Amino acid sequence: VRYFVAGLGFGFALAFRTSEILWLAPALIAISLVVKRKIRVTMIQYFFLGLIVPMIPVAYFQYQTYHQTVLGAYGTLGNSAFSQTSSSTISKIFQFIMPWGFHPIRALGKLWQFSIGMMFSTTGLGFFGAIALIKQKHKTMNLGRVYAIFSLVITAWLLLYYGSFSFIEYVFDPNANLLGSSYLRYWLLLYVFFIPLAVFFIFYVGRYFPKKFERAFYILFFSTIILTSLSTIIADPNYGLVVTKKA
């Protein structure tokens, strides 16, 4: 029953947001490889039985709405160059992975604007932390290096999947960095994974200060992050608390 319920929960997660299978499936495979000695055939059967139950109505309504059961709205809205001129299996795979095509300049621009630019205290510092952690040669840092590399892989996937998607959310300033932008939701996984890396980088830099100044450096650095974050939340000209109160 436990395995059926686990599959049921996983199935409902995919039913609500099927596109997330691109990272949920690899994560499930990775977990399975770690605990493969404890997995039995009956566990897999009950898990996939539970998984299929919530997906049956999803597949039905997908077909009724889009006349296919896999790509859904993203595949319909996408301007993917891979599928517009070809119906080959490889083209369909690329359409599923990159539903809006691949536009590297635009993708890097979105990453810079909504991750590094707007969330520098997490993503920007996190990138530096990932590089610093990967360069560590001590054996105790092996798990940290794996985490850093995994975070960079997540970045690459988000870059491929969401980076080329372009839309205007604020007509008065199409290039505005908005706290309420959907892009923040798209890159949320990146912000979460890079927080530990950003903290590592801050302490990594702090070690190079003399002991008597190290504590002051940490206080100044973290205070700056807190104050700049609060200023954005309170004084943002589009979505800040001050503007919202006046509205």
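Q: Is Tyr208 buried or exposed?
A: The relative accessible area of Tyr208 is 62%. The model is predicted, so that local features need pLDDT of at least 70 and side-chain atom pairs count only at pLDDT 80 or more, while totals for chains, interfaces and linings use all residues. Residues are numbered from 1 along each chain as its sequence is written, and side-chain values use heavy atoms, with hydrogens and water left out. Since buried means under 20%, exposed over 50% and partly exposed in between (1.4 Å probe, protein chains only), Tyr208 counts as exposed.

Q: How many aromatic pairs does a search of the whole structure find?
A: Rings of Phe, Tyr and Trp (its six-membered ring) pair if their centres lie within 6.5 Å. A search of the whole structure on this basis gives an aromatic pair count of 19.

Q: Into which class does the pair of Phe200 and Tyr204 fall?
A: A pair of aromatic rings is described by the distance of the centres and the angle of the planes. Planes under 30 degrees apart count as stacked, over 60 as edge-to-face and the rest as tilted. The ring centres of Phe200 and Tyr204 are 5.9 Å apart and their planes stand at 25 degrees, so this pair is stacked.

Q: In which helix do Phe200 and Tyr204 both lie?
A: Helices (H or I, at least four residues) and strands (E, at least two) are DSSP runs, numbered from the N terminus. Phe200 and Tyr204 are 4 residues apart, about one turn of the helix. The helix that holds both covers residues 188-206 and is H10.

Q: What class of accessibility does Phe200 have?
A: The relative accessibility of Phe200 is 21%. On that value, Phe200 counts as partly exposed.

Q: What kind of pair do Tyr204 and Tyr208 form?
A: The centres of the Tyr204 and Tyr208 rings are 5.7 Å apart. Their planes meet at 75 degrees, so the pair is edge-to-face.

Q: Is Thr155 buried or exposed?
A: Thr155 belongs to helix H8 (residues 142-162). Its relative accessible area is 7%, so Thr155 is buried.

Q: Which residues is Thr155 in contact with, leaving aside its neighbours within four places in sequence?
A: Contact means heavy atoms within 4.5 Å. With those sequence neighbours left aside, Thr155 is in contact with Leu111, Phe127, Leu190 and Phe194.

Q: How many helices does the secondary structure of the protein come to?
A: From the N terminus on, the elements run α-α-α-α-α-α-α-α-α-α-α-α. Strands number 0, and the count of helices is 12.

Q: What percentage of the residues in the protein is buried?
A: The protein has 247 residues. Of these, the buried residues make up 33%.

Q: Among contacts between residues at least 6 apart in sequence, what percentage joins residues at least 24 apart?
A: This percentage concerns contacts within the protein, taken between residues at least 6 apart in sequence. The part that joins residues at least 24 apart is 64%.

Q: What percentage of the accessible surface of the protein belongs to carbon and sulfur atoms?
A: Accessible areas come from the Shrake-Rupley method with a 1.4 Å probe, and for residues only the protein chains shown count as cover. The accessible surface of the protein comes to about 16100 Å². Of that surface, the part that belongs to carbon and sulfur atoms is 72%.
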